[in-house]
Amino acid sequence: LYKIMLAQDEAGNAEVLAFIAENRAYPSPFDFSTLLESVDEVERLTGLNFFPELSAEEERRLETKASALW
């Protein structure tokens, strides 16, 4: 399972969170930060391109590393 969330503020600055989870039961409470991945990793596993409209610079900034937002 995967989930990608992109948030953009009023000034147009974007940040992204990407998660990859196995389809299994997880303990409760669960620390979702252990599932954080880069968008590039989700794209590699799925063969999909999630934000094709981004500039190359913005794509590199948002997709190459797991977010520190969490």
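What share of the contacts in the protein chain with a separation of 6 or more comes from residues 24 or more positions apart? The share is 43%, where contact means heavy atoms within 4.5 Å. The model is a predicted one: local features need pLDDT of at least 70, side-chain atom pairs count only at pLDDT 80 or more, and totals for chains, interfaces and linings use all residues. Residues are numbered from 1 along each chain as its sequence is written, and side-chain values use heavy atoms, with hydrogens and water left out.

The protein chain holds two helices and three strands. Their order from the N terminus is β-β-β-α-α. Helices (H or I, at least four residues) and strands (E, at least two) are DSSP runs, numbered from the N terminus. Along the principal axes, the C-alpha atoms fill a box of roughly 40 × 30 × 15 Å.

Of the 70 residues in the protein chain, 26% are buried. Buried means under 20% relative accessible area, exposed over 50%, and partly exposed in between (1.4 Å probe, protein chains only). The protein chain carries 6 positive and 14 negative charges. Their mean positions lie 4 Å apart. Lys and Arg count as positive and Asp and Glu as negative, while His and the chain ends are not counted. The place of a charge is NZ of Lys, CZ of Arg, CG of Asp or CD of Glu.

Helix α1 spans residues 39-46. Its buried residues are V39, V42 and E43. Seen down the axis of α1, these residues fall within an arc of 100°, so they line one face of the helix. The arc is that of the directions from the helix axis to the C-beta atoms. Just after α1, G47 takes a positive phi of about 80°. Most residues other than glycine have a negative phi, and most peptide bonds are trans. The peptide bond from S28 to P29 is cis, with omega near -5°. P29 sits in the loop between β2 and β3.

The loop between β3 and α1 contains S38. S38 is buried, at 11% relative accessible area. A polar atom of the S38 side chain lies 3.0 Å from the backbone nitrogen of E41. A polar contact is a pair of N or O atoms within 3.5 Å; within protein, one must be able to donate a hydrogen and the other to accept it, and residues adjacent in sequence count only if both atoms are side-chain atoms. Beyond its neighbours within four places in sequence, S38 is in contact with A18, E63, T64, K65 and A66.

T64 belongs to the segment after α2. T64 is partly exposed, with a relative accessibility of 43%. Not counting residues up to four places away in sequence, T64 touches S38, D40 and E59. A polar atom of the T64 side chain lies 2.7 Å from the backbone oxygen of R60. T64 and K3 are 61 residues apart along the chain, and their C-alpha atoms are separated by 16 Å.

S67 also lies in the segment after α2. S67 counts as buried, at 16% relative accessibility. A polar atom of its side chain is 3.3 Å from the backbone oxygen of V16. With residues up to four places away in sequence left out, S67 touches V16, L17 and L36.

Two further loop residues complete the account. F50 lies in the loop between α1 and α2. F50 is partly exposed, at 24% relative accessibility. Leaving out residues up to four places away in sequence, F50 touches Y2, I4, V42 and E43. The C-alpha atoms of F50 and V39, eleven residues apart along the chain, are 8.0 Å apart. N13 is found in the loop between β1 and β2. N13 is partly exposed, with a relative accessible area of 47%. N13 is in contact with A7 and Q8, its neighbours within four places in sequence aside. N13 and E58 are 45 residues apart in sequence, and 9.9 Å apart in space from C-alpha to C-alpha.
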